[in-house]
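Open the model in your viewer and keep the selection tool at hand. The stops below go from a pair of helices to a whole chain and then into its parts.

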Amino acid sequence: MAETVRPSSHQARRFGNIVLQVALVVGVGGLAYAAIVNAAQNLAHAHIASGFGFWNNTAGFDISQTLIYYSSSTSTFGRAFWVGLLNTLLVAGLGVVLATVLGFIIGLARLSRNWLVARLAGLYVELIRNVPLLLQLLFWYNAVLKALPELRGSVALPGGGFLNNRGLFLPRPEFAQNFRDVLIALLFGVAATIVLRLWARRRQQRTGASVRIAWFGFGLIVVLPLVVFVLAGVPLSFSFPELGRFNVMGGVEILPEFAALLVALTVYTAAFIAEVVRAGVLAVPHGQTEAAQALGLRPRTTLRLIVVPQAMRVIVPPLTSQYLNLIKNSSLAVAIGYPDLVQVFAGSVLNITGQAVEVIAITMAVYLAISLVTSLLMNLYGHAVAVVER
Amino acid sequence: MLLALGTQAAVAQTLKAVQDRGQLVCGANGTLAGFGMPDPQGNWVGFDVDFCRAIAAAIFNDPTKVKFVPLTPADRFTALQSGEVDVLSRNTTWTMSRDTSLGIDFAAVNFYDGQGFMVRKALKVNSALELNDAAVCVQQGTTTELNLADYFRANNMTLKTVTFATADEAVKAYDSSRCDAYTTDSSGLYGERLRLTDPSAHIVLPEIISKEPLSPAVRQGDDSWEDLVRWVHHAMLNAEELGVNQKNVDTMLTSNAPDIRRLLGVEGQFGQSLGLTNDWAYRIIKAVGNYGESFERNVGQGSPLKIARGLNALWTKGGLQYGLPVR
């Protein structure tokens, strides 16, 4: 086609395209600007307060789970925003990790040669992904709440915890000053293991002989910090939860709302990740496995060195979508009263300040930012695991 | 939302818009027994619902020309601001910040309420001051949520708040003993108690920890519409004070008492000054009844709630309800 178009007409067309694109950008930008100005005028006209002045006003309401210091009497709406955001990140972060682990297990199980395992995994996927997440969330929340005993009948857990319909209460670890030494030993152990592994891999590439470093790693990461822990005089104690008149006092508290949301998000997203994993594995030509077997590699080694690296490049892009879904789905927290960003900020703060436009805009921007960062990280990872063509 | 706020032109002409539409759009509760809730046949009933029916009766001489929009506390003000509803009649507390910064105006306090607590009898709690360290279920986006934190702080008590988006969820969680106490306006407590698995196992504590003057609200900027809504309330109050009720309103038309003649439109042009016909109050009383009748039928002795008149008795009987003179 390039041969039939003369250079001058080609340039003219290109120029035309650029003009068109600039016009489009200006048009869309102008429309957005007009919408903002219009909204601001309407708000002023309707005597509705606008702007972000509310950010530093005292919030005045309580939040059931706060990862950072928050007090209803002194903390601001801005502080409440951060509390909600951290709660969202906590449940989304843990959800992504757990859903990935569960999803990979189910996905691989569905490909198992064991008939029962494969069928059970298939049943799981079909059952979970075909029921709306909101219903599952309500099921988990009400099932969790209804099944657990009340305060008086709290289940005392071995080691000094309690389980009842108010949540799971565990002893709170309290670290003494010289616990720092244990952490340093742990960091050293991890770093040394990484160096050891790099050395082992390079040696294998050079000589072909594989070195088993698992026991060295165990010694460096587990035994060494333990020895330091004992030598430092056991710098760790626990504050145990106790049954009060109404509630369990002290200790670490895991809310049933949090548990229900985490379980629902994990179980639901894992079903989709399982299918993504299965698709990725099936996308690796069978000849690759056969070639590996012909070379005498064991099934596990074949999976680790041949199948998974090639499957990952197929898995990562749809996996990213599932992560983004999980993060956005965490806003369903509002249905069961888990204080996430939507519940705290787009709920209580919006209602008390009445500034819907600002609050919703901030909330949307935050979800957008979290999703874009996740997407970026996954793309970087995708590039890292992409098969290098030689 | 940007688009919804673009309907400003309609704001100043609410009455005309309602008349052209042939229907009043009323923001109501939807889940609060006695105040606003559809009955098993799907008919909306309740004290706040009656108020909207009274407005419709005054405008159309037909209390059924109302479309009820169920609203949560979270979306009620946006619905009113954006013009989705003409009037908000949904047990909403009149506070200074709402009055001054939300672009809405409150018409008249039609129910003086206060926040209370409900607990299980088995806890053997007799006072809200014994609730230190208790877990309390509450609905978010309400003055209740703020009063709760204030009350515990003021009495040096700690609490564990569990916040839900709707009253339904909060009550359900309380019922499954996720919380020790449930808090809302005391009128609401009686209504919600009926929905619990075993209502008799729960008591309402005596403390009233806040002032909750509940009032219908309209958009700011249409003063004549606000006047209309306010005078619907005062017409119902005056009717009760003057002994005019649904049964006797027809015979009262021939009354010689000047107050009654003015109220029912036999004398004067009061209806026309609101943009209505002069028999506007007659229509309200004929269709819905006076304030006392609506109260007793929905939340008082004629209802399962059995709420006493208390502060909502007429001023002549020791209460705060004081009908402004039709003159």
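Start in chain A, where helix α5(A) passes α6(A) in a right-handed crossing; a crossing counts as right-handed if the near helix is turned clockwise from the far one by less than a right angle, and left-handed if anticlockwise. This is a predicted model: local features need pLDDT of at least 70, side-chain atom pairs count only at pLDDT 80 or more, and totals for chains, interfaces and linings use all residues. Residues are numbered from 1 along each chain as its sequence is written, while chains are lettered from A and ligands numbered from 1 in the order in which they are written.

Select residues 179-207 of chain A for α5 and 214-231 of chain A for α6. (Helices are DSSP runs of H or I with at least four residues, strands runs of E with at least two, numbered from the N terminus.) The two axes come within 8 Å and cross at roughly 165 degrees; axes are lines fitted to C-alpha atoms, for helices over the stretch in contact, and angles run from 0 to 180 degrees between N-to-C directions. α5(A) and α6(A) are therefore roughly antiparallel, the word for angles over 145 degrees. Among the residues that meet here are A185(A) and G189(A) from α5(A), and L220(A) and L224(A) from α6(A). Contact means C-beta atoms, placed from the backbone, within 7 Å.

Now show chain B, with its 13 helices and 14 strands. Its C-alpha atoms fill a box of roughly 60 × 45 × 40 Å along the principal axes.

Next, select the five strands of the open, mixed sheet in chain B, in the order β10-β9-β11-β8-β12. Strands pair if DSSP finds at least two bridges between them. Which strands stand at the edges? They are β10 (160-164) and β12 (202-204) of chain B, each with a single partner strand, so one side of each has no neighbour in the sheet. Neighbouring strands in this sheet are turned by 25 degrees on average, direction ignored.

Zoom in on β8 (residues 115-120) of chain B, which pairs with β12(B) in the antiparallel sense over three bridges. There, M118(B) has V204(B) as its bridge partner.

Terms used. Angles under 35 degrees count as roughly parallel, over 145 as roughly antiparallel, 65 to 115 as roughly perpendicular and the rest as oblique. Two residues are in contact if their C-beta atoms, placed from the backbone, lie within 7 Å.
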